[in-house]
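Please walk me through this structure in connected paragraphs, giving the cut-off behind each term as it comes up.

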Amino acid sequence: MEVRPYEAQARPYEEVVGVPDEPGPAQAPAAARTPVGRPLLSLALASMMEDVGAHAGAVYLLRPDEPMLEMAVTAGMPRAFAAPWERVGLNAPIPVAEAVRERRLVWVGGEQEMARRFPRIAVVLPYPFALAALPVATPGTVYGAVFVTWPGAHPPELSDAEREQLTAACARLALRLERSAAADLPPGPEDDLVGIPGSSVPDTLGSLEATRLVSRLPYGLMSLDLHGRIGFVNAAAAELLGRPAGELLGTLPWVSVPWLNDPMYEDRYRAALLSQQVTSFVALRPPGEWLSFRLYPSTTGLSVRIGRIRAVAEMTPEPEHEATPTRLVTISQLLSLAGALTEAVEVRDVVQLVADQVVPAVGGQALAMLGSRAGRLHVLGHRGYPDPHVVERFDGLPLTQRTPGTQVLNTGVPAFFASQDELERMYPARRETPDGFAAWAYLPLMASGRPVGTCVLAYAEPHRFPAEERAVLTSLGGLIAQALERAQLYDAKDRLAHGLQAALLPHSLARLPGVEAAARYLPATHGMDIGGDFYDLVPARPSPAAVIGDVQGHNVTAAALMGQIRTAVRAYTTVGQAPQQVMRSTNRLLIDLGSELFVSCVYLRLDPVRGRAVMARAGHPPPLLRRPDGRVRVLDLAGGPLLGIDPAARYPTTEVSLAPGSVLALYTDGLVESRGVDIEDSLTGLGDVLADAGERPLSDLADELLRHSLAARERADDVALLLLRAGDGD
């Protein structure tokens, strides 16, 4: 199937037979093609909304230069409501993108379903409304997508008639876009259809009388357009708001009236428009007068009634929070949580972040995070429970057992229990397993279309969960789920990396006669916690061998190649090859494997009886040797190029004396290379530590060398360290 994008050029118009040419909009660019007929997208959207009784919608077109849907026209609501989704990637978890990806109608029947399936939208618009999204496509070409919305009173299911009308309308629009493309008339943005003009007042006298009627009313009346601007305000409303009517007209009330400058009040306006339901709030006019605001929405705007609240003494200390549910979390808290969750690496990080930021913000006192493993419930973490056993006893519970945690995990449907009685009515077994709390929210953690866990929020006192609060909590569950999915994937990769690394490196160092050994390996902190640094001791006869090396990179490819190189070195050593032959054979093998990675290496054969070692080097940092008297020197070994570059390369050897008590330090560059530090200074510092601590047990000495290395602390690269101490040769 072809996905046909469109450039946002001239405004699109449909050629309508029998309709005279009409001029385009006044603001159309002069360079645009002269329009013929009527605006194509606007007409199609308005007709579609009228057919199914929708109150808002938008048309998207596919961009020409990227897999991106771009909003071309909206109707019935300000574009600002959908500002976060004016440009939508085809892979985004947004209904219009899903409709295009899957070439089907996507239906969202209400706020809870929106919160569960599309939490990004529900967090920004936590209001009761229904939505349908459809692709605009012919059998061979996708041109874009459409969404339309209904008030919250719409039935939870889309009727067959509505489905058929929407599908047919999108098919007709696709055919018209196909004809436009064939005529070289690419569509683009059109003027938004915000508000439908109401019927005009019959005459001036009637209009004047209506104004007199409103002015005589004892309460304030105000009219807002769809953008929230004040279009009319009577004298009583102006007096209550404390501003002259002339200064209020054309302004946003939460901007022109300082004590209404609170996101909660703008939120009520948005809620009324999207849900098409009456909403209300109360606000404090300084210094101490409470006013009530009641908003009556329609598809053309809102009528607002303003009045004084007389029974102030009977109100709670913060009555505005009683009158209408406010956002559980502020925008700043939400942004802080979202930013923190993107940085959470492990599952325990996600648990801690939710405990620190979400639980206090929603008034909870405890948290449990549940997942599943092999058909059983798995407790991922918990905070706030005085007795941990009340949570941990559920670990390993079969998912078939009926508990609130397993039910939500299996179904993906949230569950809210305002009291102990509510919980025990649904789950009588909980009478035997109290946890000391009085209300609970069980939130499904859905990511990539599947449940990844359940978040349990517990409250110390009985707690009602109004519809808006449930939507916000479920939306937060969507954010938590995405972070949890990433963290679980990271933990799985981390276990895989550690398991693979452990399998490729020696489980323990071979015991060599006359030689004491200790080794350490640290993976880089960037990447997969796995890399290509390696070390080994080979107890070959008559002379044992030691090797340390570094394959480029710190990923699975580097680790796999490292395993091959280490095996090859052991094999060549076991068959009795001399050091220079081992290096040459390994070099040829690496080239024959066709790898694009190079390897540095130091290889040596030990002769503890004679107190010497024969070494060969391939582009590797030089070893350090601490003599029994405490002096340390850098071994200037002869060597050849990195393994894997030149098939004819030779690797000369150097013989080094190893008196009893001498310590040989072999390491990879991750121990000494640090940004902004000269490598000579790093070697000097490493030598100083080796000189001072060289008499200590090798295991302690290895830890000391790592502790004093700036590069090892930063771990921008893998670190391998192999220490050998010569004995008396017995």
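Strand 23 and strand 24 are paired over seven bridges in the antiparallel sense, where helices (H or I, at least four residues) and strands (E, at least two) are DSSP runs numbered from the N terminus, and two strands pair if DSSP finds at least two bridges between them. The model is a predicted one, in which local features need pLDDT of at least 70 and side-chain atom pairs count only at pLDDT 80 or more, while totals for chains, interfaces and linings use all residues. Residues are numbered from 1 along each chain as its sequence is written, and side-chain values use heavy atoms, with hydrogens and water left out.

Within this pair of strands, Leu 604 has Met 615 of strand 24 as its bridge partner. The hairpin that the two strands make has four residues between them, and Gly 611 takes a positive phi near 65 degrees there. Strand 24 also pairs elsewhere: five bridges join it to strand 28 (residues 653-657), running antiparallel, with Glu 655 in strand 28 as the bridge partner of Val 614. Two further bridges join strand 24 to strand 27 (residues 639-640) in the parallel sense, and in that strand Gly 640 stands opposite Ala 618.

How many of the seven residues of strand 24 (residues 612-618) are buried? Seven of the seven are, so the strand is largely enclosed by the rest of the structure; buried here means under 20% relative accessible area, exposed means over 50%, and partly exposed lies in between, with a 1.4 Å probe and protein chains only. In a regular strand the side chains alternate between the two faces of the sheet. In strand 24 both faces are covered, with Arg 612, Val 614, Ala 616 and Ala 618 buried on one side and Ala 613, Met 615 and Arg 617 buried on the other. Asp 607, which lies in strand 23 (residues 599-607), is likewise buried, with a relative accessible area of 16%. Although Asp 607 and Ser 543 are 64 residues apart in sequence, their C-alpha atoms are 5.9 Å apart in space.

Strand 25 and strand 26 are joined antiparallel by three bridges, and Val 632 in strand 26 is the bridge partner of Arg 626.

Glu 695 forms a salt bridge with Arg 626, the closest N and O atoms being 3.3 Å apart, a salt bridge being a side-chain nitrogen of Lys or Arg within 4 Å of a carboxyl oxygen of Asp or Glu. This pair links distant parts of the chain, 69 residues apart, with Glu 695 in the loop between helix 20 (679-693) and helix 21 (698-707) and Arg 626 in strand 25 (residues 624-626). Glu 695 is exposed at 60% relative accessibility, whereas Arg 626 is buried, with a relative accessible area of 4%. By this rule the count comes to 27 salt bridges.

Helix 18 (residues 556-574) and helix 19 (residues 579-592) have axes that come within 10 Å and cross at roughly 145 degrees. Among the residues that meet there are Leu 561, Ile 565 and Tyr 572 in helix 18 and Val 582, Leu 589 and Leu 590 in helix 19.

Note on methods
Axes are lines fitted to C-alpha atoms, for helices over the stretch in contact, and angles run from 0 to 180 degrees between N-to-C directions. Contact means heavy atoms within 4.5 Å.
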